[in-house]
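I opened a new notebook page for this structure. My plan is to look up a few features and write down what turns up.

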Amino acid sequence: MGIVPSFPIQDTPVNYQHPVCFHPTGSERQNFQLHTSETAFEKITRKHFVSLMDEREDMIHAKKKFHGTQHDTWTPSQMADIRSQFQTFDQNEDGIIDFYEMSKVLDQFGDHSSLEERKKYFDEVDRDHSNAIDFDEFVELMNKVISGEARGELIDRLGDLCVHGGEKARKIRKLSVLDQIKMRDRKSVV
């Protein structure tokens, strides 16, 4: 009756393992490893994706540092300011500041230092020589700027930028959401 077939339909179950992994009876061979030679395409693909996966793991690690870092010397409000300052430099939001991002932001804020000078200070801040400043390194830089340990014209300008950025962020946070939206709309019109 209807469209139900009166005979059993037997489909072969989907199997993603090679047939040699099974005995002729259908049971799976124990401790069996299939040895196949990797094609040139598979080697290139594996090599490419390993580097992409490593890069992605580094990004995830950097983001975890950014969101989970707690420092005894800073209040939660100050840490929020430092995070917002870090995000000003981290334009692609990958959790790290590379040299290009830092230079771009410094240019936007009117800094006229040479690329060599910037690279020198960038390398000083980048303690682990990863060619990127992670959030912990940025916080350490802020500690040095506030305590006066860090000296140099570029460091002073960076410190001023961060201090004034923190003050601006605190003022904006005190505004209501509606006032923040109005302020943003006024800036986009200008």
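**Entry 1: the model.** I note at the start that this is a predicted model.

**Entry 2: salt bridges.** I looked for charged side chains that pair up. Side chains of opposite charge can pair when their charged atoms come close. How many salt bridges are there? I count two.

I took Lys 119 and Asp 123 to begin with. Their closest N and O atoms lie 3.5 Å apart. That pair counts as a salt bridge because the cut-off is 4 Å. Where do the two partners sit? Both belong to helix α4, which covers residues 115-125. They are four residues apart, so about one helical turn separates them. Lys 119 has a relative accessible area of 31% and is partly exposed. Asp 123 is partly exposed as well, at 36%.

Next I turned to Glu 140 and Arg 127. This salt bridge has its closest N and O atoms 2.4 Å apart. Glu 140 is partly exposed, with a relative accessible area of 27%. Arg 127 is partly exposed at 43%.

**Entry 3: the second largest pocket.** Rolling a probe the size of a water molecule over the atoms shows where empty space is left. I looked up the second largest pocket and found a volume of about 310 Å³. Its lining has 16 residues. Closest to the centre are Asp 58, Met 59, Ala 62, Ile 96 and Ala 132.

Which element gives the most to this lining? I find α1, with six residues. At least two residues each come from α1 (40-68), β1 (96-98) and β2. I sorted the lining by type: eight charged, five nonpolar and three polar.

**Entry 4: positive phi.** Most residues other than glycine have a negative phi, and most peptide bonds are trans. I noted two residues with a positive value.

Glu 93 has a phi near 55°. I place Glu 93 in the loop between α2 (76-89) and β1. Is Glu 93 buried or exposed? Its relative accessibility is 60%, so I log Glu 93 as exposed.

Asn 131 has a phi near 60°. Asn 131 lies in the loop between α4 and β2. With a relative accessible area of 52%, Asn 131 is exposed.

How values were computed: Residues are numbered from 1 along each chain as its sequence is written. This is a predicted model: local features need pLDDT of at least 70, side-chain atom pairs count only at pLDDT 80 or more; totals for chains, interfaces and linings use all residues. Side-chain values use heavy atoms; hydrogens and water are left out. A salt bridge is a side-chain nitrogen of Lys or Arg within 4 Å of a carboxyl oxygen of Asp or Glu. Buried means under 20% relative accessible area, exposed over 50%, partly exposed in between (1.4 Å probe, protein chains only). On a 1 Å grid over the protein atoms alone, a cavity is a set of points where a 1.4 Å probe fits but cannot get out, and a pocket is an open set with protein on both sides within 12 Å along at least five of seven lines; lining residues have an atom within 4 Å of a point. Grid points are joined across faces, edges and corners, and a volume is the space filled by probe spheres set on the points. Ala, Val, Leu, Ile, Met, Phe, Trp, Tyr, Cys and Pro count as nonpolar, Asp, Glu, Lys and Arg as charged, and the others, Gly among them, as polar.
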